[in-house]
Amino acid sequence: MTTADTKKKNKPNVSELFGKIFKRQIFIPIAAVLVLLLFNLIVDPGFFSIELTRNSAGNPVLSGNLITILNNGSELAILVLGMTLVTAASGGQDISVGATIAIAGSIILRIVCGTDAKADSASFGIVLVAFLVACVASMAFGAFNGALVSIFKIQPMVATLILFTAGRSIAAWINNNQLPTVSDPSFGYIGGFIPGIPIPTPFIITVICIVLMALLLKFTNLGLYSQAVGINESSSKLNGINPIFIKFLTFVILGLCTAVCGLIKVSRVSGITYSVIAQDIEMDAILAVALGGNALGGGKFNMAASIIGAYIIQILTTTLYAYKIESTALSAYKAIVVIVLVIVSAPAVRNKTKAFFAKLKAKAAAERKEVA
Amino acid sequence: MKKRILAILMVAVVMMLGITACKSGDKKEDDGLIKVGIINNDPNESGYRTANDRSMQEMFTEANGYKASYAYSLKNDEQIAAAQKFIQDEVDYLLLSAAGTSGWDTVLKDAKAAGIKVILFDRTIDADPSLYEASIVSDMAKEGETAVNWLKGQALKEYKIIHLQGVMGSAAQIGRSGALDATAKELGWTIVKQQTAEWSAEKAQQIVQSVIDSKQSFNVIYAENDDMAKGAVAALDAAGISHGVGKDVIIMGFDCNKWALEELLAKNWNYDGQCNPFQATYIHDIIQKLQKGETITEKTIILDEKGFDAATITQADVDNYGI
Amino acid sequence: MKDNVVLEMRNIHKYFPGVRALQNVDFTLCEGEIHALMGENGAGKSTLIKVLTGVYEKDEGQIFLKGKDKAVAIHSPQDAQKLGISTVYQEITLCPKLSVAENMYIGRLNGIGVNWRKLNKDADAILESLDIPAKATQQLGSCSLAVQQMVAIARAVDMDCKVLILDEPTSSLDEQEVAKLFKLMRDLKSRGVGIIFVTHFLDQVYEVCDKITVLRDGQLVGEYEIKDLPRVKLVAKMLGKELDDTTEIKDTSLVYDKEDAGKHVLEVEGLASVSGIKPFDFYINKGEVNGFTGLLGSGRSECVRAIFGADKVVSGTVKKDGKVIKINKPIDAMKNGIAYLPEDRKRDGIIGDLSVRENIILALQVLKGFFKPLSKAEANKFAEEYIKLLEIKTASADTPIKSLSGGNQQKAILARWLLTHPEYLILDEPTRGIDIGTKIDIQKLVLKLASEGMSITFISSETDEMLRTCSRLVVMRDRKVVGEVSGDDMNQSKIMSTIAGGESK
């Protein structure tokens, strides 16, 4: 049977059409987004309104729940870019990203604020230098994790447990346990709005990161190699791929993603609290990868589905904040939705639905043949 | 194989460094100094804890007649292990800010048997009061009352409050929420939104943003710590809503971080309630009394805590009380 | 149901996305019978077996077992086991990290408090009675493939089954081991066990089987008594056409005869690797097909792995076209025009979840470099070209390679290496577990490629096959090269005597 055969069909029938849609990995995450948005539309038709207002500094800004979702989902979306690659290549997850974000943020503030833990002005130059230093440091921490995983063959979760435990202490140590703050409003542009541009800056940064990742996947073999390594390391090796380097590389890329997240995070509040910044973001990032329908055991991945997974989590958070839910019940609500989403996007469930529709299709085809 | 063992060792070493930074003093002969073992929470936990630890470090110096050893952990069992070690080291006083309230009976009995006097600070525990000499604590409920009374005194025409709670179940959250809940009920204040932001500025920002997006009006933000107030203010700024003295929205925070008091001084915020981390002087007084053979009559000592109003705060207040 | 029938499958249907794997298939097995299930790759043998053992759910049809009035429902391998149906699969499905005994008893221990001491003893007794060279407490992964296969059989035997399915059990066994297995099969047969034997080895079928059921394209061709169906007819039934004599594929016109025909493409001196092979010398000429032969574990694969840089080389030099080259890792070999199709397709060959297309272009892609991915159109073009060229049966180029049958997987891996246009192609057991049609295709292809100037090393457990394709054989024993046969010396008996140590004669 060749492709030509399957294309040569008489009439598209409903089950075939659905079968085709269901087959796509990205279907479930998109459906989840639509369901969550539909729920909001029904409960509060005003949920989707977007307005152009002015912020305190008098600059035009867009506001509304959708903008909030795109804005606040940025860090997670950036993080899953790296997390997806790490998952694919190493078959495990990096749980130290939250701690590494704290370190990156701490480094940025250390350079911007100096030893006073206070900065009244933050020039573009110094912020850029600070960010670049944070990038280098985060990539070094990524390399540390990557080396443990690829060279020493330690399970990713165990390897990254080191930084997970020690990272926030390192972050605090960088600033001598002080809590630096930046009072220059221009520092807040990164996590807020650049004067004259009504779109939240974090979202712009996210778009840039996604484009860069898309280019990376298009103009290099990173995607193919990391999947190959994740599926069959031994075979990849015999095809001339260096699995150690590929795994290492994915961790370094994830390190770079955490540096960008760190910059956005410290800019949002012009400061840092070591124990609270990017708290539990590693779990959300792993969840986003899973919600995207990617196997956490490594192998094939779908980057777009992961990114949508990240926004699903943010939509859920924003939705829960938008309604009067008791503080104590918040996590329970979140857990219920997450369980449902994880189950429907599990590869096993997807394969079942896929098989179900394939069966319908094959039967239909057989019947048609008999009639003919 | 060798590589793997090496790596595991690396893991172990780094993890130990990460969890506890344990500085224990050498055991030496009597040199006239009072030996104290101090068990505290991790100073990285918050600015409050950092200030608390700093006040301890500044007080219990050799110049002041002390020889101090420190142990830090956010985990009860690690703290208990540290306490046992201090007992073996035969310290004179064990100063304890417990991570959890229970499980301390046995080790405190051991301390008592060894003639070591125990002073609790910052947090109480579920144990027989005879096991410790004194307990120096903040009254979170009173902090809340002070703040709510101040709010009552503003005599607003109408109260529409966004209430940002800390981590649910923590002492600070229970005390500070309790005061507001009671008064709001009594006086018919509207709580526009009550949600936990888990002490996080980012989460507070998102919650306030969601209220703004849903077009509900409000004129007070009651945040149970400074970070959350800061996050809330970031959301207001983005939406162009004015805040502070004489503006549309009243901003209230807790903990008296230096930067927060500066916001008050700049009249961007309205109120900040103190949660006094400077407990070392109280402990010092108690130790001096005990050394002279006096007895402590009142075991529970409530710290003096202030509330600062943007209208009256001075630079001196910022310098003295900012943490 | 007749009295002596233990298993009857009726009107079995099974659909897969884009493929009708089984259509209206009947199958009957009697007590004390060894019944061969034959067919080309993709004919539906494995699917039928998997339906019977509960790995797949059948879409239609009924299964009857002796002693049960109604059709039985088999939803999982556990169900099948309980009903007395045991299977030994083509690919080893045991856990290499567990011990031999653990593998033998896994999945059928109930409750807690297992007495391992006793189980180990039992296991040892079974292993001994079957003459299997393994210890109960040994880690399974440390045994050779052949022994692992035999442990799998021992496990099935111990389960006291009424229906024993052997799915390509002999493909990784050498002749001695096969003989041992056949003894065991006849033993079980005399005890009344019905055995379904799936294999590609025609000789073996005629040696042990009583009946043959032939499948083709998911449909039943027929059931035959062995005496009624001569070999040629069987092959014809399987292929659906009459076949010219398979032994005569060596076409004398297919010889590379350019002026550089005798030139050494690759020369190896004193090469040894961490795998423990003794330093060996080796050369290959342009347009030549040679082979490594020897018993299982004699070091055939290890030699070529050393040449390809798959195992870490510890000594020796490799010269290509007279110049010394350094091969530390596979990519170095690939850059020097060497390609290697590994012995264990599942472990070292396919990248299961990736599509056929990605599997085909992988090696070329790696050679082109990290920063030069093939465009989608190029990749598609190459994939379609080779799918057509090698007649790979797949629903589309997008299909994950793991859902293809073994022979088609192998063809895809072959396509992967042909796409790199190697000067020197190493094929390690390219025809293992593959149906006869594909086998001949591959042999013909090898000769054709050589006639066009490619140098090829062809390794196979089947000496026949090597004699048909190779012009020179390197003989190995105990991880050492012990001789070479070529020209008129190339015949079974000479090879056997060399393997057995006859070179001193």
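C:Ile426 touches C:Val304, C:Ile307, C:Phe308, C:Ile338, C:Ala339, C:Tyr340, C:Leu341 and C:Thr457, leaving aside residues up to four places away in sequence. Two residues are in contact if their C-beta atoms, placed from the backbone, lie within 7 Å. The model is predicted: local features need pLDDT of at least 70 and side-chain atom pairs count only at pLDDT 80 or more, while totals for chains, interfaces and linings use all residues. Residues are numbered from 1 along each chain as its sequence is written, and chains are lettered from A and ligands numbered from 1 in the order in which they are written.

C:Ile426 is also one of the residues that touch the most other members of the largest nonpolar core, together with A:Val80, B:Ile221 and B:Ala232. This core has 234 residues. A nonpolar core is a set of buried Ala, Val, Leu, Ile, Met, Phe, Trp, Tyr and Cys residues joined through C-beta atoms within 7 Å. A residue is buried if 20 or more other C-beta atoms lie within 10 Å of its own, exposed if 12 or fewer, and partly exposed in between. Helix H12 (residues 243–269) of chain A supplies the largest share of the core, 16 residues. Helices (H or I, at least four residues) and strands (E, at least two) are DSSP runs, numbered from the N terminus. A second, separate core holds 77 residues, including C:Val19, C:Ile132, C:Val151 and C:Val235.

Helix H13 (residues 281–291) of chain A is mostly covered, with 10 of its 11 residues buried. Among them are A:Ile281, A:Glu282, A:Asp284 and A:Leu291. The cover includes helices H3 (27–43), H5 (74–90), H6 (97–113), H14 and H15 (330–345) of chain A. Just after H13(A), A:Gly293 takes a positive phi of about 85°.

Chain A meets chain B through 40 residues of chain A and 42 residues of chain B. On the side of chain A, H8(A) gives the most, with 6 residues. By class, this side has 15 nonpolar, 21 polar and 4 charged residues. Ala, Val, Leu, Ile, Met, Phe, Trp, Tyr, Cys and Pro count as nonpolar, Asp, Glu, Lys and Arg as charged, and the others, Gly among them, as polar.

Chain C contacts chain A with 32 residues, against 24 residues from chain A. The elements that give two or more residues to the side of chain C include strand S1 (5–16), strand S2 (19–30) and helix H12 (356–368) of chain C. H12(C) provides the largest share, 6 residues. By class, the side of chain C has 21 nonpolar, 5 polar and 6 charged residues.

Chain C is assigned domain 1 (5–243) and domain 2 (260–499); such bounds come from an automatic or database domain assignment. The domain centres, taken over C-alpha atoms, are 30 Å apart. Their contact takes 17 residues from domain 1 of chain C and 18 residues from domain 2 of chain C. Helix H8 (residues 231–239) of chain C gives the most to the side of domain 1, with 3 residues.

The model scores ipTM 0.84 and pTM 0.79. The mean pLDDT (the predictor's confidence in each residue, from 0 to 100) of chain C is 85, and 93% of its residues reach 70 or more. Over residues 243–249 of chain C, pLDDT stays under 50. Where pLDDT is low, the predicted coordinates should not be read in detail.
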